[in-house]
Amino acid sequence: MSQLKMTVDQTNKISKINKEIYGHFAEHLGRCIYGGIYVGKDSPIPNINGYRKDVVEALKALKVPVLRWPGGCFADTYHWKDGIGKPEERRKIVNIHWGGVTEDNSFGTHEFLDFCELIGCDAYVAVNLGSGTVQEAAEWVEYMTSSNVSPMTDLRKKNGREKPWNVKYIGIGNESWGCGGSMTVDHYSNLYKQFQQYIPSNGKIACGPNAADYNWTDGIMRNCQYSGMRGLSLHFYTIPTGDWGKKGSSVDFPENEYYSTIANTWEMETLLKKHDAVMNRYDLEKKIGLVVDEWGVWTDVIDGTNPGFLYQQNSMRDAILASVNLNLFNEHSDRVMMANIAQMVNVLQSVILTEGERMVKTPTYHVFDMYKDHMESTLVYSNIENKQILEGRYLPAVSQSVSLDDSGKLHITISNASLDEDFDINCILPRTEYKTATAKILTAKYDTCNTFDNPDAVAPEAFTDVTLDGESLKFTLPKCSVLAIELC
């Protein structure tokens, strides 16, 4: 067993960890909305005004801070007036991006924003730039947020909502370099500036780059930095094999594919550093945040399911992956203002899976739950003597982040990606006087999943192998584990 030295300096305060870093994403894709979040008021599945009661309770416990909707690629085919009024009278459309199924628009603006209020999160709405108009987008924002006397306010009241909603963030298009219009950066920049001019919001998010497209970031910052931009989005998915044509299974994969997956997700660190460097050319004060509003692992779908529904399982591997990414977002929280895992329920790296009346919390759910104390806390300096565990690839065994909350509690989250080795961690905490240490651990074989028949195969447990002695904290970090420690 190797020994690793860790140092934490709580007096070296680095940046605030915005709660929005722990955000989520829900698209009209597969069973994310229908059957996942929303079943309708007449469903035999227990619900609150049509929203699954079990899902609502699970998301409340997670303290979801922000939810992005309606897409994704779906956003740039979505015309919001199709989704208001009496559900039975709403216009039906074909979801051209995801499975070619009929979208009946029974879950629209009211349903989404009421859901955000129900679970206690802020709303992040992506307007249709790809196939929509400036007028359509402006009227939608007016419909949602205006308290003035106006046609859109009157229409909202007619549809049953007297007071406006609080919509904190507005995304101006989605993946405009791809499914959102196949645009050049200059063409999108011009459209962004036009659209944003008519959208009153302090939370406007511009469409940013696809993974390592640093030229796109440079173009948007150069063209749009003075055009009401609060954030710039970034999309990056971890592909286990690195091959989009054969991404790999979410349930049946060998050890070498486990390691390649975690190594591939560490590319996020490079992306954050390099996009931040580009943004620094124009915004050294970091007034414009980086918004990683689509991230997570993307595998092949479960056999026998609709390939357009992107339904995959979620294993201990995904818990390690989530830990690495959340630690990286924390580490770069001086620039990263928000992140949104893709997606909330039943799609890609979801935190919840449903099937009929049954629901299961995934290993990724438990990581978010273990990390939620970082929200609105202050990142402090931490360093660990690490070990590389994959020959020829950058793959540190350990990933960590440390934050200090307003009450003076110190929160340490740390994970071990090694499948072979535990680590004895000797953590030095200079100039501290903490009296107690409590901890929770999530650990299992790397391919273990929570299923409807065995929903707690991967679940957090109390962890007692922690010794706090003055300025020294010692613990053993088991292989393939995620650990959260609180000092007070």
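I start with two strands that run antiparallel: E19, residues 423–428, and E23, residues 472–477, joined by 6 bridges. Within that pairing, Ile 425 has Phe 475 of E23 as its bridge partner.

The model is predicted, so residues are numbered from 1 along each chain as its sequence is written, and local features need pLDDT of at least 70, side-chain atom pairs pLDDT 80 or more, while totals for chains, interfaces and linings use all residues. Side-chain values use heavy atoms, with hydrogens and water left out.

First, the open sheet. The order of its 10 strands is E21-E20-E24-E18-E17-E16-E1-E19-E23-E22, and the pairing is mixed (strands pair if DSSP finds at least two bridges between them). Which strands stand at the edges? They are E21 (461–462) and E22 (466–469); each has a single partner strand, so one side of each has no neighbour in the sheet. Helix H10, residues 363–371, lies across E18 (410–416), E20 (437–443) and E24 (481–487), and runs at about 165° to E20. Such angles run from 0 to 180 degrees between N-to-C directions, with axes fitted to C-alpha atoms, for helices over the stretch in contact, where contact means heavy atoms within 4.5 Å.

Next, the barrel. Here 8 strands close up in the order E2-E5-E8-E9-E10-E11-E12-E13, and the pairing is parallel. On average, neighbouring strands of this sheet are turned by 30° against each other, ignoring direction. E2 (residues 23–25) and E13 (residues 336–342) run parallel and are joined by 3 bridges; Gly 23 stands opposite Asn 340 in E13. Helix H3, residues 134–145, packs on the sheet and touches E5, E8 (122–127) and E9, its direction making about 160° with that of E8. Helix H7, residues 255–265, lies across E11 (231–238) and E12 (289–297) and runs at about 165° to E11.

There is also a helix pair. H5, residues 185–197, and H6, residues 214–224, have axes that come within 9 Å and cross at roughly 35°. The residues making the contact include Tyr 188 and Tyr 192 of H5, and Trp 216 and Ile 220 of H6.

Last, the cysteines. How many disulfides does the count come to? It comes to 1, taking a disulfide as a pair of cysteine sulfur atoms within 2.5 Å. The pair is Cys 73 and Cys 179, with sulfur atoms 2.2 Å apart. The torsion about the S-S bond is about -95°, so this disulfide is left-handed. It links distant parts of the chain, 106 residues apart: Cys 73 is in the loop between E5 (66–69) and E6 (93–94), and Cys 179 is in the loop between E9 (167–172) and H5.

Cys 73 is buried, at 10% relative accessible area, while Cys 179 is partly exposed, at 27%. Buried means under 20%, exposed over 50% and partly exposed in between, with a 1.4 Å probe and protein chains only.

Cys 116 is in no disulfide; its nearest cysteine sulfur, that of Cys 121, is 3.8 Å away. Cys 116 is buried, at 3% relative accessibility. Cys 480 is in no disulfide either, the nearest cysteine sulfur being that of Cys 449, 12 Å away. At 4% relative accessibility, Cys 480 is buried.

Definitions and conventions: Helices (H or I, at least four residues) and strands (E, at least two) are DSSP runs, numbered from the N terminus.
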